[in-house]
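Here is a short briefing on one protein chain. Look at the structure first, then read the points below.

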Amino acid sequence: MSTASNGNSTTMTKNKSVVSGQKIVLKKGFDIKLVGAPNDTTIKTVDINRVAIRPIDFLGMSPIPKVVVAVGDEVKAGDPLFFDKKRPDINYVSPVSGEIVDIVRGAKRAITEVVVLADKQQSYRSFDVPKLSNRDSVKSFMATSGLWNYINQRPFDTVADLDVVPRDVFISTFDSAPLAIDYSVIIEGKEDAFQKGIDVLKSLTDGNVYLGLDGRAGSKIASGYSTATNVIKNHFKGKHPAGNVGIQIHHTAPINSGDHIWTLDVQSVITIGKMFLEGKYDSSRIVAVVGGMLKDPKYVYVHQGASVGDILADNIDVNANNRIIAGNVLTGKQTTVERFMGYKDNQITVIEEGNKYEMFGWLLPLKPRPSISWTFPNFLFPNKKFKGETNTHGEKRAFVVTGQYESVLPMDIYPQHLMKAIMAGDFELMEGLGINELTEEDIAICEFVCTSKMPLQSILRDGLEMMKSQG
């Protein structure tokens with residue numbers, strides 16, 4: 001499944017010796033090649049009028065957090081908007097300065113969005129940054145300033161527990177998902193903030209901070225990643241999901257029973273670093289606006305939780321049969337121009353809505369499409385890109401053993417057996433089959449190739465919630 005070349009230094013983790021500078025080659029995976037990537041990496045600006053923070057983006061939060069603002073209030077970037085009643089020490093803050101214009105409630109009075117009308121000229125709440133030598137002070141500061149919510153904790157992939165000292169911290173510096181953003185663009189000019197963010201994370205663990213670098217053919221590693229210090233760097237080469245942090249954890253220092261691992265994306269590390277360098281909460285980020293239904297695929301500079309309608313203004317045909325996805329086509333969530341980006345979304349994808357019936361499509365597969373099936377001669381055209389659509393090419397079927405999942409998931413896990421264990425509610429078998437190593441993005445490629453059309457990501461989340469409820 002993988003091989004590793006010799007590296008240049010060695011460190012110890014729990015039950016495993018890890019070599020810094022490993023080159024890990026993944027033999028399994030599948031790249032979904034779609035049209036709709038930007039022609040260049042120039043970052044363009046768009047006018048963002050409204051942003052929103054959504055409690056649903058934070059796994060593990062109670063559906064009705066304590067809101068500390070009201071419609072009409074003026075806030076600065078970094079001012080608290082709400083906190084989780086179960087963990088009142090952790091604040092969720094405004095990404096921009098402006099006026100609170102709506103607090104949207106859903107079923108059973110659950111908070112779905114807190115909407116801010118952004119100022120044209122941003123103002124920031126001032127923070128006194130603690131020294132990294134005091135771990136408790138750093139944790140408390142990150143919790144009150146809104147930074148703590150950028151840290152995800154495995155198993156369960158929820159907002160990190162304040163009482164936990166992680167075994168290790170993992171950061172992936174590339175994304176192998178379809179039409180994913182180029183991470184070398186993200187770090188350009190922000191190298192100091194990225195390094196500071198690493199230093200902050202290092203101060204919070206007794207273990208290591210791991211950096212997953214892009215080892216794929218033709219890849220160029222940005223200097224901000226290659227020269228980063230206080231980390232263990234490993235290169236990963238292979239098809240998607242090689243860029244997933246869960247895959248990198250599995251091949252570097254797997255999660256054992258009782259372990260707690262923290263994961264972050266690059267933009268989150270930069271946001272943390274900026275706070276400790278400048279004393280202000282800067283939620284600005286670069287988002288890839290991609291897909292075959294766009295007039296102009298591009299990279300844009302926005303604030304966290306930006307309005308989807310503002311980002312896509314004049315870039316789509318509103319009368320076309322579009323599917324707007326906040327995220328990539330594998331793990332993203334369907335959205336509309338009236339809604340907002342997710343808390344950590346780096347991508348908006350617009351593809352065609354696949355609601356056209358294809359007569360005898362299973363019998364006469366005449367239309368080319370991304371597929372692992374040899375029914376389609378895609379292997380003869382390895383560089384061909386397809387115009388993606390949402391057609392599933394069939395309905396839900398019997399959940400049969402095909403071996404398809406194992407052919408694309410580069411982990412020592414039997415995902416089909418795990419899914420059936422989850423559906424049966426067998427906790428011991430779920431744990432034994434490796435559920436603690438997985439989150440939705442890891443299993444998404446299996447869902448794509450699934451002949452049975454099973455909602456594997458949803459099944460996995462149900463399993464993770466069951467395991468979490470059992471402690």
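Predicted model: local features only at pLDDT ≥ 70, side-chain atom pairs only at ≥ 80, totals over all residues.

Residues are numbered from 1 along each chain as its sequence is written, and side-chain values use heavy atoms, with hydrogens and water left out.

**Salt bridges**

- Side chains of opposite charge can pair when their charged atoms come close.
- The whole structure holds 14 salt bridges. A salt bridge here is a side-chain nitrogen of Lys or Arg within 4 Å of a carboxyl oxygen of Asp or Glu.
- Arg 154 pairs with Asp 442, and their closest N and O atoms are 3.1 Å apart. This pair links distant parts of the chain: Arg 154 sits in strand E13 and Asp 442 in helix H11 (residues 440-449), 288 residues apart. Helices (H or I, at least four residues) and strands (E, at least two) are DSSP runs, numbered from the N terminus.
- Are these two partners buried or exposed? Arg 154 is buried, at 2% relative accessibility. Asp 442 is buried too, at 0%. Buried means under 20% relative accessible area, exposed means over 50%, and partly exposed is in between (1.4 Å probe, protein chains only). The areas come from the Shrake-Rupley method with a 1.4 Å probe; for residues, only the protein chains shown count as cover.
- Arg 154 and Asp 442 also belong to a salt-bridge network with Glu 441.
- Arg 167 forms a salt bridge with Asp 168, with 2.6 Å between the closest N and O atoms. Both residues are buried.
- Glu 465 and Arg 461 form a salt bridge at 3.2 Å, N to O. Both lie in helix H12 (residues 456-469), 4 residues apart, which is about one turn of the helix. Glu 465 is partly exposed, at 34%, whereas Arg 461 is buried, at 11%.

**Backbone spots**

- The peptide bond from Arg 154 to Pro 155 is cis, with omega near 5 degrees. Pro 155 lies in the loop between E13 and strand E14 (158-159).
- Asp 157 is in the loop between E13 and E14. Its phi is positive, near 55 degrees, though Asp 157 is not a glycine. Asp 157 is buried, with a relative accessible area of 13%.
- His 240 and Pro 241 are joined by a cis peptide bond, with omega about 20 degrees. Pro 241 lies in the loop between strand E17 (232-237) and helix H5 (245-252).
- Lys 108 is not a glycine, yet its phi is positive, about 55 degrees. Lys 108 sits in the loop between E11 and strand E12 (111-118). Lys 108 is exposed, at 79% relative accessibility.

**A buried side chain in a loop**

- Asn 149 lies in the loop between helix H1 (135-145) and strand E13 (152-154). Asn 149 is buried, at 1% relative accessibility.
- What does the side chain of Asn 149 reach? It reaches the backbone oxygen of Asn 91, at 2.9 Å.

**A positive patch**

- Lys 66, Lys 85, Arg 105 and Arg 109 form a positive surface patch. Patches use residues with over 30% relative accessible area and no salt bridge; like charges are joined within 9 Å, and nonpolar side chains (Val, Leu, Ile, Met, Phe, Trp, Tyr) within 5 Å.
- Arg 105 is in strand E11 (residues 98-105). Arg 105 is partly exposed, at 36%.

Notes: Lys, Arg positive; Asp, Glu negative; His and termini not counted. Charge placed at Lys NZ, Arg CZ, Asp CG, Glu CD. Polar contact = N/O pair within 3.5 Å; in protein donor to acceptor, adjacent residues only side chain to side chain.
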